Amino acid sequence: RDAWLLCFDEFQVTDVADAMILDRLFRHMFDNGAVIVSTSNRHPTDLYKGGLQRELFVPFIDLLQKKCNVHDINSGQDYRLSGQKTTQTYYTPINEQTTAKLEDLFMQLSKGRPSASDTIVVQGRKIQIARSARNVAMFTFSDLCEQPLGAADYIALAERFHTIFLNGIPKLSGASRNEARRFITLVDVLYEHKVKLICSAEEQPSKLFQMQDGSESGQTIDEFINNKLNDDQRKVFSGDEEKFMFARAASRLEEMQSDTYLR
């Protein structure tokens, strides 16, 4: 009732419950004369691609294409990869030297102030912060991605700290699907809040996601999905959507090293 124009940035659908809600929501908005403007990295026909019960989502795609004009503005170039980088914030591999470098940078950004532990409470959950000083915090990958944390927790951290150190990002395999999803969410939240990320990782962003199950190495994502998962697991684990999500996270990790982002 208060607005006739609604804008959505980076429209995406990754959850079956969201997919079911969208059809009813958008039909109601269109019936009441709302105008929808949206950006997305997906063409409408590719939304929720490979998702569970996608056939129930298809009528919404038809509605979207009927009510909205679709404009393809893809230039074929990922501009996140083209930014100039004069300050190193992403270190590989994980070893004593890169860990020591993170420690040095932490001391520089915290102006040598003694670090202290802290706790943030989010929706009744406690997030333990082992070290922080001057709005700078140090975490390990295990601290943030191997614990039962979600977007609300990461948002609370992003609102508290302007710089987050993350030590020890491993290659993410099929056996670490939950950790991979949390890592993707963490990167998305930090990126959207313009938080600086200084980290050490086993590989460069484009090579972090390695589909291995412990018995075979070097599989591509597609090989892992086709060889190791049944039909239902393929849809839940990845399909195109999860591969797309990680590719976006890797691209953002590259941009987060650029002078423009760090400015």
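Mentor: Let's start at Thr-89. Setting aside neighbours within four places in sequence, Thr-89 is in contact (heavy atoms within 4.5 Å) with Leu-197, Ile-198, Cys-199, Met-256, Gln-257 and Leu-262. Thr-89 sits in the loop between α2 (58-67) and β3 (90-91). Helices here are DSSP runs of H or I with at least four residues, strands are runs of E with at least two, and both are numbered from the N terminus. Is Thr-89 buried or exposed? Its relative accessible area is 5%, so Thr-89 counts as buried. The cut-offs are under 20% for buried, over 50% for exposed, and partly exposed in between, with a 1.4 Å probe and protein chains only.

A word on where this comes from: this is a predicted model, where local features need pLDDT of at least 70, side-chain atom pairs count only at pLDDT 80 or more, and totals for chains, interfaces and linings use all residues. Residues are numbered from 1 along each chain as its sequence is written, and side-chain values use heavy atoms, with hydrogens and water left out.

Now step back to the whole chain. It has 10 helices and 8 strands, and buried residues make up 40% of its 263 residues. Of the contacts with a separation of 6 or more, 74% are between residues 24 or more positions apart.

Next, the inside. The largest nonpolar core has 42 residues, and those with the most contacts inside it are Leu-144, Leu-157, Leu-166 and Phe-183. Such a core is a set of buried Ala, Val, Leu, Ile, Met, Phe, Trp, Tyr and Cys residues joined through side-chain atoms within 4.5 Å. Helix α6 (residues 177-192) gives the largest share of this core, 8 residues. Not counting residues up to four places away in sequence, Phe-183 touches Phe-141, Cys-145, Leu-166, Ile-169, Leu-172, Leu-208, Phe-246 and Leu-253. There's also a second, separate core of 17 residues, and among them are Val-13, Ala-19, Ala-34 and Ile-61.

The structure holds 11 aromatic pairs. Rings of Phe, Tyr and Trp (its six-membered ring) pair if their centres lie within 6.5 Å; planes under 30 degrees apart are stacked, over 60 edge-to-face, and the rest tilted. Phe-57 and Phe-60 make a tilted pair, because their ring centres are 5.3 Å apart and their planes stand at 45°. Both are buried: Phe-57 has a relative accessible area of 0%, and Phe-60 has 1%. Phe-106 and Phe-165 pair edge-to-face, 5.6 Å centre to centre with 75° between the planes. That pair links distant parts of the chain, with Phe-106 in helix α3 and Phe-165 in strand β7, 59 residues apart. Phe-106 and Phe-165 are buried as well. One aromatic cluster is formed by Phe-8, Phe-11, Phe-26, Phe-30, Tyr-48, Phe-57 and Phe-60.

On to the charges. Side chains of opposite charge can pair when their charged atoms come close. A salt bridge here is a side-chain nitrogen of Lys or Arg within 4 Å of a carboxyl oxygen of Asp or Glu, and by this rule the count comes to 10. In one of them, Arg-131 and Glu-103 have their closest N and O atoms 2.9 Å apart. Arg-131 is in strand β5 (residues 125-133) and Glu-103 in helix α3 (residues 96-109), 28 residues apart, so to speak a link between distant parts of the chain. Arg-131 is partly exposed at 23% relative accessibility, and Glu-103 is partly exposed at 29%. Lys-171 and Glu-203 also meet in a salt bridge, at 3.9 Å from N to O. Shared partners join Glu-10, Asp-188, Glu-192, Arg-248 and Arg-252 into one salt-bridge network.

Finally, the outside. The chain exposes about 14700 Å², and carbon and sulfur atoms supply 48% of it; accessible areas come from the Shrake-Rupley method with a 1.4 Å probe, and for residues only the protein chains shown count as cover. Trp-4, Leu-5, Val-35 and Val-37 form a nonpolar patch on the surface, with about 380 Å² of accessible area together. Patches take residues with over 30% relative accessible area and no salt bridge, joining like charges within 9 Å and nonpolar side chains (Val, Leu, Ile, Met, Phe, Trp, Tyr) within 5 Å. Val-35 lies in strand β2 (residues 35-38) and is partly exposed, at 36%.
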